[in-house]
Amino acid sequence: MLESLFKETKGRMEKTVDALNRHLSKMRTGRATASLVDDIRIECYGEKVPLSQLATVSIPEGGLIVIQPWDPSLMKNIETGILRSGSDLTPASDGNLIRITIPPLSEERRKKLATDAAKSCEESRAVIRSIRKDTKNHIRTMEKKKDISEDETSVAIDDLQKVTDEFVAKIQEIQERKQKDLMEF
């Protein structure tokens, strides 16, 4: 019973860390990455489709994203979708390719993004602590129902804290790595 509870708890914590990684990967660092445009949805064929399903996205150099639509007739739709995405990216088309130049970030913008990243990491730590609290309450309920002993409860709560500490440490690592990326010139 405790084993399945811990498996579920670890799964929820892992999803929290994965969501944080996805969120931070979309944060501009002054370097071009495909993740900046992958999830932009483009109006075509009567519905909104992720850009990654309509074109090849490449990074030929650190400050440039190149998008090559598989269907050239979608060029205008892709440009419009990028402009409307609210991502502060400006596409330039030559008829065959769309180029997006990623300008270097100002010191002020870097600090703002680092603050935003820290806030996102703290929110993820709060989610991890909330998951811990839910699991701890579940363990206590199991003890009250006499499903587990007092000793098993004590060991389970200690193990839960170790798992929580492990995931909080992962978030700290992610935060430090992102802040390093943001502050590099």
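**Exercise 1. How close do the axes of helix H1 and helix H3 come, and at what angle do they cross?**

*Solution.* The model is predicted. Start with the two helices. H1 covers residues 2-25 and H3 covers residues 107-144. Two packed helices are described by the angle between their axes and the distance between the axes. Take the distance: the axes of H1 and H3 come within 10 Å. Take the angle: they cross at roughly 170°. Now classify. Angles over 145 degrees count as roughly antiparallel. H1 and H3 are therefore roughly antiparallel to each other. Finally, sort the residues of the contact by class. There are 13 nonpolar, seven polar and three charged residues.

**Exercise 2. Work out what span H1 should have, and compare it with the distance between its end C-alpha atoms.**

*Solution.* H1 has 24 residues. The expected span is 1.5 Å times one less than that number of residues. This gives 34 Å. The end C-alpha atoms of H1 are 34 Å apart, so the two values agree.

**Exercise 3. Which residues of H1 are buried, and against which helices do they pack?**

*Solution.* List the buried residues in chain order. They are Leu2, Leu5, Phe6, Thr9, Met13, Thr16, Val17, Leu20 and Leu24. Keep the helix geometry in mind. An α-helix has 3.6 residues a turn, so residues three or four places apart point the same way. Then find the partners. The buried residues of H1 pack against H3 and helix H4, residues 150-183.

**Exercise 4. Is Ser124 buried or exposed, and which residues does Ser124 contact?**

*Solution.* Check its accessibility. The value is 9%, and buried means under 20%. Ser124 therefore counts as buried. Next, set aside its neighbours within four places in sequence. Ser124 is then in contact with Thr16, Leu20 and Ile171. Look at Leu20. Leu20 and Ser124 are 104 residues apart along the chain, yet their C-alpha atoms are separated by 6.8 Å.

**Exercise 5. What is the strand order of the open sheet of four strands, and which strands are at its edges?**

*Solution.* The order is E3-E4-E6-E5, with antiparallel pairing. The edge strands are E3 (55-61) and E5 (91-93), each pairing on one side only. Neighbouring strands are turned by 25° against each other on average, direction ignored. Zoom in on one pair. E3 and E4 (residues 64-69) pair over five bridges. H2 (residues 75-84) lies across E3, E4, E5 and E6 (98-101). H2 runs at about 165° to E5.

Key:
Residues are numbered from 1 along each chain as its sequence is written. This is a predicted model: local features need pLDDT of at least 70, side-chain atom pairs count only at pLDDT 80 or more; totals for chains, interfaces and linings use all residues. Side-chain values use heavy atoms; hydrogens and water are left out. Two strands pair if DSSP finds at least two bridges between them. Axes are lines fitted to C-alpha atoms, for helices over the stretch in contact, and angles run from 0 to 180 degrees between N-to-C directions. Contact means heavy atoms within 4.5 Å. Angles under 35 degrees count as roughly parallel, over 145 as roughly antiparallel, 65 to 115 as roughly perpendicular and the rest as oblique. Ala, Val, Leu, Ile, Met, Phe, Trp, Tyr, Cys and Pro count as nonpolar, Asp, Glu, Lys and Arg as charged, and the others, Gly among them, as polar. Buried means under 20% relative accessible area, exposed over 50%, partly exposed in between (1.4 Å probe, protein chains only).
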